[in-house]
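Please examine the sequence and structure before starting.

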Amino acid sequence: MNIIEVKDLKKAYLLPSDKTKTFNAVDSISLGIKKGEVYGILGPNGAGKTTTLEMLEGLKEIDDGSAIIDGIDVSKDPYEVKKVIGVQLQSNEYFDKLDLSELLTLFSKLYSTNIDHSKLLDQVNLLDKANAKTQHLSGGQRQRFSIACALVNNPKILFLDEPTTGLDPQAKRNLWNLVKDLNASGMTIVLTTHNMEEAEHLCDRIAIMDEGKLIAEDTPKALIEKYAPKPSDIPLTGNIEDVFLNLTGHSLRD
Amino acid sequence: MFTESQLYLAMVFLKMFLRDIQSIFFNLFFPMAFIGVFLFTGGEPDPIKVGIVDKAQNQLSRSFSSLLDQDTTFEVIEGLETDLKTQLIDGELIAIVEIPKQFDYENQTGKLNLILDASQVRQLDGIKDSIEKTLLSIERELRGNEAMFSLEIVDMKARSQRYIDFLVPGLLAFMLMNLSIAGSGFNLVEYRRRGILKRLFVTPIMPKDFIVSIVLARLAIVLIQLSVILWFALLVLDIQFIGGLLSLYGMIMLGSLIFLCFGFCFGSIAKTQEAIRPLVTSFTFPQLILSGVFFPISSLPEIIQPIAQWLPLSVIASSLRGIANDGLNLLSFDLNLMGVLIWLIVSFFLATRYFVWRDVAG
């Protein structure tokens, strides 16, 4: 059963170089995300990953097409959708006069719920930082705290936008384990990433986007079998990075 | 009336403000310093120190000295000419009155010399008037005349008004303008730039919840800070306050709402801190000059007055002054109160017109 059902999703922006024209940042995307899976969206910069997520999260208006999350139509009832999802954004700044426990309490109040902030901080391994301010956290701690903030409403679906960008290998592994634990507890997870290893390691299924379009969607293994180059004299080689480069080309993106 | 989320968010905004000791200090420092000056210069001015060289040493000269001494405007020091002149040069004395040896009005020699450093004496006319007045009363006393005329000053409103009474309401208006615009405008730009606004709207709160919280928190902040200044002025400087406190606080809230609306408007137009600063300055600075905060609008060139008196800060300052100094009631009919109402409608319209939600959050 799909917990997220997206059909012909479109978002158009004004062209930065010519304001009279528009381009489709997201161009007729259709996808289905199953309950309980980890779903990764890959793509070069500007492929439309973040725009797609923000439309699903109710942060950006849907120009055309439909998105149904947990039976709720996002464009009709964004506030109802927001109640069942948790979101970690790319930017992770918070009010700098509040400590972690106060921020978590604030977020829970915005959902009109009460939480045990120490339990939540313990879950993301930040209990000893309960009285610290976010500006004094390391990159990895900040990302874990962002996830804790996204969990205050006990969401059915967790959206993570490039959760490990800029993290050192230890912090990255640590975050992967957190994501796996959350998924093991039954949470559906949708993430975007540039990190192919991450996609391969974490995701049950992967969608690859380029120039606003969905160009491939399958399990990592199926994608490798289908797209990675297979020299005849060597057994299966290559990885998701090969698949990615094969599909999106080698040219640099901004 | 308010939801739990709104109240909690407002409480958080208030808490963050109270933790910003620096900003509280600087918000209070300027008005406090400004009116604090009146602690030392307010009330009776210091007596003017005048030296007397009595060369005549007769009854007439002595009665002149004692009469001059009785005048509270002067503090009289008698001494030798050379000593007093040194003191005059040192600036310890403002002037020296020299009574010549032949000082006798019957012999038509009642002529005094007033020695001073004219470049140092701003109150020359005042000193001259006082001395002449003293001479006049001595003359009357000696001749046994009653004064023919006397001038008594009667305030039409039957009360005395000092500059500080005029200043404090204007200063309160100026403070509430700055606090309100900072609260909505600057915060909006800051929270948007840092992505905090977007993070807030990932949760199911609505734009109006955010606005209500900012407004509630700012009203509380304005009331707290203005109360500090107001009660300092009332208790320490004993400023005149005739109207009702309820009307005054009501007016403070209405004024804050106007500038909060303007702030939301500026915060929506300007995308960066660099952009909002000049925008806000070009709004507040002319009002600081033109709105009669430090001196009455009637002292401005006549051509500007009709415009100046309808500026938002002007109508608010004048209304606060009307309440404090003239006992105006919030419900009475008054042009300035009408002005406040009109600006409230205009600013609310502008704020809702320019506050495009998704653009603001994104």
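**Exercise 1. Determine how α8(A) and α9(A) are oriented to each other, and which residues meet.**

Step 1. The axes of helix α8 (residues 220–227) of chain A and helix α9 (residues 240–248) of chain A come within 9 Å and cross at roughly 55 degrees. Axes here are lines fitted to C-alpha atoms, for helices over the stretch in contact, with angles from 0 to 180 degrees between N-to-C directions; helices are DSSP runs (H or I, at least four residues) numbered from the N terminus.

The model is predicted: local features need pLDDT of at least 70, side-chain atom pairs count only at pLDDT 80 or more, and totals for chains, interfaces and linings use all residues. Residues are numbered from 1 along each chain as its sequence is written, chains are lettered from A and ligands numbered from 1 in the order in which they are written, and side-chain values use heavy atoms, without hydrogens and water.

Step 2. α8(A) and α9(A) are therefore oblique to each other (under 35 degrees is roughly parallel, over 145 roughly antiparallel, 65 to 115 roughly perpendicular, the rest oblique).

Step 3. Pro220(A), Leu223(A), Ile224(A) and Tyr227(A) of α8(A) meet Ile240(A), Val243(A), Asn246(A) and Leu247(A) of α9(A), contact being heavy atoms within 4.5 Å. This contact has 7 nonpolar, 1 polar and no charged residues (Ala, Val, Leu, Ile, Met, Phe, Trp, Tyr, Cys and Pro count as nonpolar, Asp, Glu, Lys and Arg as charged, the others, Gly among them, as polar).

**Exercise 2. Carry out the orientation analysis for α6(B) and α9(B).**

Step 1. The axes of α6(B) and helix α9 (residues 245–269) of chain B come within 7 Å, crossing at roughly 30 degrees.

Step 2. α6(B) and α9(B) are therefore roughly parallel to each other.

Step 3. By class, their contact comprises 10 nonpolar, 8 polar and 1 charged residues.

**Exercise 3. Describe the largest pocket and its lining.**

Step 1. The largest pocket holds about 490 Å³ of space. On a 1 Å grid over the protein atoms alone, a pocket is an open set with protein on both sides within 12 Å along at least five of seven lines, a cavity is a set of points where a 1.4 Å probe fits but cannot get out, and lining residues have an atom within 4 Å of a point. Grid points are joined across faces, edges and corners, and a volume is the space filled by probe spheres set on the points.

Step 2. Its lining has 21 residues, with Phe17(B), Asp20(B), Asn187(B), Tyr191(B) and Arg218(B) nearest the centre. α6(B) gives the largest share, 6 residues.

Note on methods: Helices (H or I, at least four residues) and strands (E, at least two) are DSSP runs, numbered from the N terminus.
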